[in-house]
Every structure is written in structure tokens, then in C-alpha cells.
Amino acid sequence: MCGIVGYVGDNEATQFLLDGLAKLEYRGYDSAGIAVGENGTIRVEKSVGRLSALRDKIAGNEPHGHIGIGHTRWATHGRPSDLNAHPHTDCSGDFAVVHNGIIENYLSLKEELIEKGHQFRSETDTEVVAHLLEEVYEGDFEAAVREVLRRIEGSYSLVFMSRRDPDTLICTKQDNPLVIGLGDGENFIASDIPAIINRTRRTYILNDGELAVVKKDSVWITNRSGEPVTKKVFEVKWNAEAAEKGGYEHFMLKEIYEQPKAVRATISPRMAKDGRSVAMDDLGWSKEFLSSIHKIDIVACGTAYHAGLVAKYYIEKLVRIPVECDIASEYRYRDPIVDEHTMIIVFSQSGETSDTLAALKEAKRRGAKSLAITNVVGSSIARESDQVIYTWAGPEIAVASTKAYTTQLILAFMLSLYMAQILETQTEARIAELCSALQRLPGQVGETIEDVEPIKTFAKKYGFNEDVFYIGRSLDYDVSLEGALKLKEVSYIHAEAYAAGELKHGTLALIVEGVPVIAIATQKSVYEKTLSNIKEVKARDAVVIGIAAEGDNELEKYVDHVIKVPVTDELLIPVLAVVPLQLIAYYAAITRGCDVDKPRNLAKSVTVE
């Protein structure tokens, strides 16, 4: 998630822009830039890498001016580079813009603007906005911005700057945060409160569709139709550290609550306009190409490996191509059977996981086609793979992965649908049905985090147990593996996940009176079997917490507690079922007084073997 700042006032803009961006570094970024109104022009300075690289670049020759915008970029469209860094300008240099989000229809707009003579310098979707503003400008800055907003589609927070209106910034948002800080003879804009908290605590929090015209001594806010909006001043009470976390106690909890947005960001740009099929045209796969793939190897580590297990199920179920799923650290050493008819798909949040990178290189050496599913544009794994698709979950700060996992599941599912469309292994009606279910998921993920009080109660009651077991069948087993890992990672409770059908083959010896068992029972095809396994652990006096879909009134007869998730197609329910498991792990860690965001002995990205 990119960082945005803006300043207009009596003081030097550059100092605030750099300081404000520094306060947003926790969000993660790969480049930084500023644009400052200087001597009747817009001076743009930007650099790939850390903010320190930008500071070094302008040291001794800083832009001087009283209005400006700044940005730290988390790459989505286009690799990290100086040219792709924000701010972006139009051909004339009259306008500059910074952007957080995705412009979904940028390709069609870009083609139209190129035909009209516009020359593009970057690979980004954002540059389209600057050129479009130049194209529609007829002397009225605000009117031109409104016309731009009428024509773009997607999610965004945007700040516009004009050389022709040297005392004005205009900003707006849709599905991405934006806040205006109110000062004395100066006003501020930021994507998050930490950027402005040292300058003011009086703010306006913009809502979707609102547009603000910001000058040094006034802020004028209207809705999309141009009607005035009355805003209440929000007084920030948090300290700076809490503000970085958006008021959440920990980054892990913040990222759990960001999942509805992350899921939407992953789905939306890849859904066909009619909502009945998946659009992954950037892959450019043909029926001939996919027919040449006889086997798929999925390789990953940790949480990404658990996403890979679900992906294996999706591909085999929907596409009917055989799939093997391997732990990356084992893959190279088993002399895998790989040739030109093999595709390797690697999952990695960071794109820097050393074992996964090594496995990818080994498979390519043996002739395999390769595809990366990662969250970080320009990462080593993204560069090494033949092709890459990004989850667009935004930066994940907590060591324990949450939103990266759910977006990996979404992308695996959409990739499977895309392949099924090409190979015609599913009917158009079935694909349309699953696409409809996909589009309901962001809201349903939101429903799962609306009431966490029962989960807090479970965590307080059972958080000091030293052993917890997870059971499930089919996709429920794959999800239980991830639930157990989360609990181990952040609470240090010994947790094990078992395929429920394996209980009789030794695991029942571990079930004793009072031991918590978390049983996931969402798969209709094996529901009765799972219910039978739950009865087995209850007969040994285990305490059972069940995870079920809404409307399931049978499970609660056999468990001590039940957590319900919204009803969806059973292929997609892992995205919903994992969320309560993440929350159970989080609140268990809180109960035990653990360092949630930085668990002992663990790192966010494992870059050594």
C-alpha cells in the first residue's frame, strides 16, 4: 500500500513531504518521490529504493516552494524504478499526481491517449491519470479533475497538483484511505494519520466519492455531484506508534481486518466486465499451451505452502491436470521428475524466499515452464519466473502472514478458473456461478470479523493450554494446517493439524480430557465423515470448537462451541474459514502476553537456506 502526502501553506513543502513519507515507511515501499511548486514550475524528484536515496539525491539542492505532493510506492503496475516512481506528470509538466490503488481501465485509456499524441514515460497505471487530466483541462482545475474521475475505474486515493493553480491541491478517494490535516495557515494531506500527527491532530477523514479542494487557509469538500459536504473535525487521540497501526494494537490484527479490502483488490482487476468469467489476458495462455502441460508442481514454504495445498485441490478439481505440492526446502533434493511438459508454480509473499527461489531455478534448469504468485513487484522470484501474477495484498508487516495467505487462495482459485475456461473443463454456467461467489467474498470476509467476542472468550479460557489439535477433511484439512501454524507462530502453543480420518491411526492416543480440538466442518462432500470424527474426540472428553457454515444446525449438537462463517461454494469457503483461526491465534497470543508482531526466532522473509 503506497504512502501519500501533500502540503500547502506558508512553510517549505519539501521538509514536510520528506518527514511525512518517513512516518509512512512502515507501510512498505520500493521507491519514493516528491513534486514541489518552484518558481512557477513543478519540480519532480524521485528515486528507486529507500527514502534515504531520495534525500541523498536532493541534498544541497532541495526544491523550494510552499506547495507539494509526495509518495512512497508499493509497485503493482511496472517494476520498481526511477521512471515508475511517483509523482507522475503529463506531457507539458503542468500537472502532477500521486496515487494509491489500481486504475482498472488504464490500458484502454492509455491507448486512447497515445492515439491523441500523448507520450508515456513509465509502465504504471497512474501516469494515465496525469495525461488524462492534461487532455480534459479547459481552464478549470476542479472541473478537469471531476472529468478524470468520471472516466477512470478502480480503487484509488489521488492527489492532484497544477502549475496553473499554484495555491491548490485537489484530492479524492475510493476504497483507499485519505485524511486531511488542518493547520494554521497550512493544511496537509496524507494516506494515513502518522504522516501528519506531529503537525496537527485536527483532521477530516474523507469518505469514498468525496473530493476536497485544499488551500493553505481553506478546505472545501463536495461529493461526486459537486454538492457541499459538511464534515466533523476528527481529533486524533492516538500516539504516533498507535497511529501507524491505524488504532489497532498490533499489525497482525490490522492486517486481519484489511483482508476484505485485500481480497477485493485481488479479485476486481481480474474479473471480466460481465462478471461471468476470469480475465488474465496478461498471461496469454492458449489451449495449445495448456494442453502441452502434463503435470504441475507447486512449491512453497510455510503459509505459502498451505496455500499451495489448496491450489492443488483447485487445479485438479477444476482443470483436471495432475498436481504435486512440495515444500521448497525438500524439492531440489528428491530429484524431481521435471521436463518441458511440467509447469512449476511457486508461491511466496515476499518473492525472496531462498528455498523457493532455488527450487524455481532447479525446475527451470530441467526445462519446466514457470509461474510465480507473489506480493512484491520486482522481487527475485518475480524476476526469475517466466511469468508472474501479483496478489496486490499490500505490504504485510507482521511476521505471521494473514492477508497474503487469503489473497494467495483467491489468486489460485482465479488461475484455476482461467485455465478451466481455456481447456473447457468446466461449463460456462459453472464458471459464472463461481465468479458470482467470488465477487461476494470481500463482503463475506468482512462479516466474519464483525463479532470477535466469542473468539476472545475462547482464547482467554483455553489460551494457557499447552496442546491444541486441529482436524478436518479435504479442504478443511488444508485450512487446519494453516490454523495450527498460526497458533504455533504467535502464541507458542504446541498445535498439530491432522486429517480427521487419520485419528484412528495413532492420533487418538493424544486426545485426553480437556484438550482443545478445533474441528473444521465446512465441506459437504465429507461432512458426515467429519462429524463421525468429532464424535470420536468428544468420546475422549476433548473440548471441541467447531467451524461451520451458517445454517448448519447439526454440528452444534456435538461440539462445545461453534463459530459460523457465511455460506458460499465449498471451494471458496477456505477463504472464510481461516479468518476465525487467525483471530483465535491472535487472541491466544494476547492472553499469553506474547509479542504478536515479532514472534521469537522468526523473520518475515526467510532469505537464507
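Let us begin with Gly 546 and its surroundings. Setting aside residues within four places in sequence, Gly 546 is in contact with Ala 519, Leu 555, Val 559, His 561, Val 562 and Ile 563. The model on the screen is a predicted one, and Gly 546 sits in its strand β23, which covers residues 543-549. The relative accessibility of Gly 546 is 0%, so this glycine counts as buried. Of its contacts, consider Val 559: 13 residues separate Gly 546 and Val 559 in sequence, and their C-alpha atoms are 6.2 Å apart in space.

I turn now to the nonpolar cores. Which residues have the most contacts inside the largest nonpolar core? They are Trp 285, Ile 296, Ile 345, Phe 347, Leu 415 and Leu 438, in a core of 100 residues. The element that gives the most to this core is helix α19, residues 573-592, with 14 residues. Apart from its neighbours within four places in sequence, Ile 345 is in contact with Ile 296, Asp 297, Ile 298, Val 299, Ile 315, Leu 371, Ile 373 and Leu 415. There is also a second, separate core, which has 26 residues and includes Phe 120, Ala 130, Leu 132 and Tyr 156.

Next, two pairs of helices. The crossing of α4 and α5 is right-handed. On the α4 side, Val 129, Leu 132, Leu 133 and Val 136 take part, and they meet Phe 141, Ala 144, Val 145, Glu 147, Val 148 and Arg 151 of α5. By type, the residues of this contact of α4 with α5 are 8 nonpolar and 2 charged, with no polar ones.

The second pair is α10, residues 302-318, and α14, residues 403-423, whose axes come within 9 Å and cross at roughly 20 degrees. Helices α10 and α14 are therefore roughly parallel to each other. Their crossing is right-handed. Helix α10 contributes Thr 303, Ala 304, His 306, Ala 307, Val 310, Ala 311, Tyr 314, Ile 315 and Leu 318 to the contact, while α14 contributes Tyr 405, Gln 408, Leu 409, Ala 412, Phe 413, Ser 416, Leu 417 and Ala 420. Here the residues of the contact of α10 with α14 divide into 13 nonpolar and 4 polar, with no charged ones.

In general, most residues other than glycine have a negative phi, and most peptide bonds are trans. Pro 87 is placed in the loop between β4 (67-73) and β5 (88-89).

Trp 392 has a positive phi, near 55 degrees, and is a residue other than glycine. Trp 392 belongs to the loop between β19 (387-390) and α14. Is Trp 392 buried or exposed? Its relative accessible area is 15%, so Trp 392 is buried, the cut-off for that class being under 20%. Tyr 492, also not a glycine, has a positive phi of about 65 degrees. Tyr 492 lies in the loop between α17 (475-491) and β21 (494-499). With a relative accessible area of 22%, Tyr 492 is partly exposed.

Conventions:
Residues numbered from 1 in each chain as written. Predicted model: local features only at pLDDT ≥ 70, side-chain atom pairs only at ≥ 80, totals over all residues. Heavy atoms only, no water. Core = buried A, V, L, I, M, F, W, Y, C linked by side-chain atoms within 4.5 Å. Buried < 20%, exposed > 50% of the residue type's maximum accessible area, 1.4 Å probe, protein only. Helix = DSSP H or I, 4+ residues; strand = E, 2+ residues; numbered from the N terminus. Contact = heavy atoms within 4.5 Å. Left-handed = near helix turned anticlockwise from the far one by under 90°. Nonpolar A, V, L, I, M, F, W, Y, C, P; charged D, E, K, R; others polar. Axes fitted to C-alpha atoms, helices over the stretch in contact; angles between N-to-C directions. Parallel < 35°, antiparallel > 145°, perpendicular 65-115°, else oblique.
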